[in-house]
Amino acid sequence: MTRDHRLTLIGKPGCHLCDDAREVVQAVMAEVEASDAPPRITLEEQSILDDAALAERYAEEIPVLLVDGEVHNYWRIDPVRLKTALLAG
């Protein structure tokens, strides 16, 4: 049985690494969703400009990807590692 996953991409507008991370995450989500019995995946984006606590915690590490509330990657998203994590559930 697969489980649901909640992805949170933390970044800010105008951040090229954040844009790259979004593209990788969306591509991996599409691959996983095309697999047999895929987990349900939701993606939420948050900006450090809108949340002082996020800015304090992650300002030097954006983009940051959380999987189910836990830090999975920061700066550059490894597509193979992300796909493995999403299919492992």
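Begin by selecting tryptophan 75, which is found in the loop between strand S4 (70-74) and H3; helices (H or I, at least four residues) and strands (E, at least two) are DSSP runs, numbered from the N terminus. The model is predicted, so local features need pLDDT of at least 70 and side-chain atom pairs count only at pLDDT 80 or more, while totals for chains, interfaces and linings use all residues. Residues are numbered from 1 along each chain as its sequence is written, and side-chain values use heavy atoms, with hydrogens and water left out.

Tryptophan 75 has 43% relative accessibility and therefore counts as partly exposed (buried is under 20% relative accessible area, exposed over 50%, partly exposed in between; 1.4 Å probe, protein chains only).

Next, select leucine 7. Leaving aside neighbours within four places in sequence, its contacts (heavy atoms within 4.5 Å) include Val25, Met29, Ile41, Leu65 and Leu86.

Select aspartate 4 and arginine 40, whose side chains meet at 2.6 Å, N to O. Aspartate 4 lies in the segment before S1 and arginine 40 in the loop between H1 and strand S2 (41-47), so the pair ties together parts 36 residues apart in sequence.

Finally, select arginine 22. Glutamate 45 forms another with arginine 22, at 2.9 Å. Shared partners join Asp19, Arg22 and Glu45 into one network.

Definitions and conventions:
A salt bridge is a side-chain nitrogen of Lys or Arg within 4 Å of a carboxyl oxygen of Asp or Glu.
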